[in-house]
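Please consult the sequence and the model while reading.

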Amino acid sequence: MEKLKRDFNTIALAMIPIAIAINIAVGQIVKALRIPLYLDSIGTVFVGAVAGPWVGAVAGLLSNIVWAFIFGDVTNTVPYAPVAAAIGFLAGVFGKYGWFKSWWKAVLGGAITGVVASLLSAPITFYLFGGVVGTGMDVITAAFRSQGMSMLAANFLQGLATDPLDKAISFLVVYLIIRTLPDRYIDRFSRADDIR
Amino acid sequence: MSATYGLYVSKQTAIHRLHPLTKLTYVLTCLLIAWIVPGVWAPYIVLLVGIVPVALMAQVFPNVVQNTIKTTIPFAISLFIVQGLFWTGGTIIQQLGPFSLKEEGLLFAIRGTGRIIIAVSGFLLLSYATRSDELMLALSQKGLPSRISYVILSTLQIIPRFQHKANTILDAQRSRGLETEGSFLIRTRALLPLVFPLLLGSIVDIEERAIALEVRAFGRSGPKTSLLVLHDTNRQRLFRRLLILVSLGVIALRIYLWLAPRFAA
């Protein structure tokens, strides 16, 4: 409990809005460059790494809720908030065990997070939206489905086609940020010792 | 403080003046009915009876229609293709080259689209007619931690500034000769020079924000006074209780419909 209080200090609460804004801004840059990835959880992963799993989870959860308020789209945001929370949480867990200290461990941690994210989002896509996400990604789902695969399995594989790579890159970017920032900025965060 | 309330459209209507919780409960009740009452057309009835009249009263009907269509169309197309054409088994109603349109898949897609329309239009109606700071205050009064509402509200204020910053970086890097158009490789290479300045610059800002909060006694416990005052009436409180009763009734009906055949068998 004491530790949780230290994680949710003022610096963490000042950081969460910035992290959400990073998620949205980078997500838009990636869209503008027409790169077929999302990269919309870099802020969440950063928060998880420097402030622990619980702050990371809150950042992910709130990120998806705020996203709905900004763009007026509740479909691809609020229902997937638990997935975003899991991403922030896992970033915190990997941070705790020092996985942000080496680039390949960060990439591996991101890939694992991506697999978990596709496992969690498949049932949401399936039960809430009848198995579609309303983007070009649905072509992949349709292709697996036409092979006679169940909808839920097709949804999982559709996630697997993008999420692990997407999260691996996000984790790598966060690793690079942590390396680039001067020590005195990292020192402010509660989990600074785990990631340097 | 700059006034940013997300999607809020400032109008002087009776709907805008309602207590935020009244609107929130109403929209959630509509959503619940549309999603769990059986029948392909249930969501469309909720739309016509529940959402459209309120949107007209709040004078945000064109905004709601426009944005709902924008969000729903890609879903509808995907649903009709993925479920209509690739439904396993089912009654074939039309042969389309190598694919066949199935009745069950089509009905599923119509219902799915209706549910999405309700979720999107209900949320839009709520956010067009409710200031997000008033909604957060109302939720805080019901027990939502004030730190959570701080995070949500300050994010809504930061984001326009952030998008501005992102555009500045984009322009600056382009003027230095960074190519952001062209082949996939060129566009991917442009990613890091655009993302890194934004990330590093904003993370450095965090400390300053934290200090600004601390000197305003943000971390202090105890009750806090709000500048906003929400107006609530007894009629609205009654209406909200009624809505909750209706919701519970609908849930009970759904559980009954689900259990009855199992007990009969």
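Ring pairs join A:Phe94, A:Trp99, A:Phe100 and A:Phe171 into a cluster. The model is predicted, and a search of the whole structure finds 13 aromatic pairs over all chains.

**An aromatic pair in chain A**
- A:Phe46 and A:Phe189 pair edge-to-face, with 5.8 Å centre to centre and 90 degrees between the planes.
- This pair connects distant parts of the chain, 143 residues apart: A:Phe46 belongs to helix H3 (residues 42–51) of chain A, whereas A:Phe189 sits in the loop between helix H10 (183–186) and helix H11 (192–195) of chain A.
- A:Phe46 and A:Phe189 are both buried.

**Charges over rings**
- In chain A, A:Arg184 is placed over the face of A:Tyr185, 4.5 Å from the ring centre.
- In chain B, B:Lys165 is placed over the face of B:Phe162, 5.3 Å from the ring centre.

**Helix H9 of chain B**
- Helix H9 (residues 191–214) of chain B has 24 residues, which at 1.5 Å a residue should span 34 Å; the end C-alpha atoms are 35 Å apart, in agreement with that expectation.
- H9(B) bends by about 25 degrees at B:Ile206, and B:Ile206 is one of the buried residues of this helix.
- Other buried residues of H9(B) include B:Leu191, B:Phe196, B:Ser202, B:Glu207 and B:Leu213.
- The cover over the buried residues of H9(B) includes, from chain A, helix H2 (10–32), H3, helix H9 (163–180) and H10, and from chain B, helix H7 (146–175) and helix H8 (184–189).

Technical notes: Residues numbered from 1 in each chain as written. Chains lettered and ligands numbered in written order. Predicted model: local features only at pLDDT ≥ 70, side-chain atom pairs only at ≥ 80, totals over all residues. Heavy atoms only, no water. Phe/Tyr/Trp six-rings, centres within 6.5 Å; stacked < 30°, edge-to-face > 60°. Helix = DSSP H or I, 4+ residues; strand = E, 2+ residues; numbered from the N terminus. Buried < 20%, exposed > 50% of the residue type's maximum accessible area, 1.4 Å probe, protein only. Lys NZ or Arg CZ within 6 Å of the ring centre and 35° of its normal. Expected span 1.5 Å × (residues − 1). Bend = angle between axes of the 7 residues up to and from the residue. Contact = heavy atoms within 4.5 Å.
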